[in-house]
Amino acid sequence: MTDQFSLFRGWQSIDLNDGQARYLNQWLSEQEQATYWQAFQHLAWESPSIRIAGKAIPIPRLNAWYADRNAGYGYSGIKLPRLDWTPELRSLKERVEQATGYSFNAVLANYYRDGNDSVDWHADDEPELGSNPVIASVSLGGVRSFKFKHRQDRSLAPVSLLLEPGSLLEMSGGTQKNWLHKVPKTKKVVDARINLTFRKIICD
Ligand SMILES: O=C(O)CCC(=O)C(=O)O
Ligand SMILES: [Mn+2]
């Protein structure tokens, strides 16, 4: 372990005032990280495009959507095909449910090939997630920074964390309603990273 990894183990709560988040580092062992990293190389990664001013622009990362049969999803005009859980995604989902105490029926997987891949300011506030959704986010591979900023209140300072491989970040309460988050691009040389955001789609 290098000293860029925090030494404190156990849930660390992140003070977001009218939002709620907590972070658990070194949650997966190095062996588990290596197993999941290997398995997730073979997810059905896609490079979706969004339309900006009539032009199709590929998003700066790869995506894949795995979910229960009735859990469809789309964001920013992107509708990803729903795929059935792989054994490794299902086992990770069960571990995440155990660690957080919440249940999930879908995962959006993100692949950041290098520091040029990113996700811009957004909230996971699609109507199918319901109000005050709980999102649990697992990181593997390269360390990337993750930022929160409040949607309105400029007196609340932005919050910046480093998402380490093997870590679990849980966002809940008013986080999606009141805050935005992003993974910025970086000019630093960073390893490829896979992030898995477990979600619960409200199905009727
Ligand atoms: O890669 C991350 O840590 C965040 C991904 C994210 O915000 C999302 O998929 O909605
Ligand atoms: Mn998000």
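Let me start at Asn17, which sits in the loop between β1 (12-15) and β2 (20-24). Strands here are DSSP runs of E of at least two residues, and helices are runs of H or I of at least four, numbered from the N terminus. Before going on, the conventions. This is a predicted model, in which local features need pLDDT of at least 70 and side-chain atom pairs count only at pLDDT 80 or more, while totals for chains, interfaces and linings use all residues. Residues are numbered from 1 along each chain as its sequence is written, chains are lettered from A and ligands numbered from 1 in the order in which they are written, and side-chain values use heavy atoms, with hydrogens and water left out.

Back to Asn17. Its phi is positive, near 60°, and Asn17 is not a glycine. Most residues other than glycine have a negative phi. Asn17 is exposed, at 57% relative accessible area. On the terms: exposed is over 50% relative accessible area, buried is under 20%, and partly exposed is in between, with a 1.4 Å probe and protein chains only.

Ala53 is another non-glycine residue with a positive phi, about 50°. Ala53 lies in the loop between β3 (49-52) and β4 (55-58), and with 81% relative accessibility it counts as exposed.

Then Gly72, in the loop between β5 (62-67) and β6 (74-75). Gly72 is partly exposed, with a relative accessible area of 35%. Its C-alpha atom is separated by 20 Å from that of Ile59, 13 residues apart along the chain.

Next, the helix α2, residues 87-100. α2 has 14 residues and spans 20 Å from first C-alpha to last, close to the expected 20 Å at 1.5 Å a residue; the expected span is 1.5 Å times one less than the number of residues. Which residues of α2 are buried? They are Leu89, Leu92, Lys93, Val96, Glu97 and Thr100. Down the axis of α2, these buried residues fall within an arc of 145°, so they line one face of the helix. The arc is taken over the directions from the helix axis to the C-beta atoms. As background, an α-helix has 3.6 residues a turn, so residues three or four places apart point the same way. On the face of α2 turned away from the buried side are the exposed residues Pro87 and Gln98. After α2 comes Gly101, with a positive phi near 85°.

Now ligand 1. There are 13 residues around ligand 1, the closest being Asn110, Tyr112, Asp124, Arg193 and Arg199; to be near, a residue needs a heavy atom within 4 Å. By class, the shell has five nonpolar, five polar and three charged residues. Four residues of the shell come from β16, which gives the most.

For polar contacts, the cut-off is a pair of N or O atoms within 3.5 Å. Oxygen atoms of ligand 1 lie 2.5 Å from a polar side-chain atom of Tyr112, 3.1 Å from one of His122, and 3.3 Å from a side-chain N or O atom of Asn195. Taken alone, ligand 1 exposes 290 Å², and the protein buries 97% of that; these areas come from the Shrake-Rupley method with a 1.4 Å probe. The elements giving two or more residues to the shell are β9 (106-112), β15 (179-183) and β16 (193-199).

Last, Ser118, found in the loop between β9 and β10 (119-122). Buried or exposed? Ser118 is buried, with a relative accessible area of 7%. Its side chain makes a polar contact with the side chain of Lys185, at 3.0 Å; within protein, one atom of such a pair must be able to donate a hydrogen and the other to accept it, and residues adjacent in sequence count only if both atoms are side-chain atoms.

Note on methods
Ala, Val, Leu, Ile, Met, Phe, Trp, Tyr, Cys and Pro count as nonpolar, Asp, Glu, Lys and Arg as charged, and the others, Gly among them, as polar.
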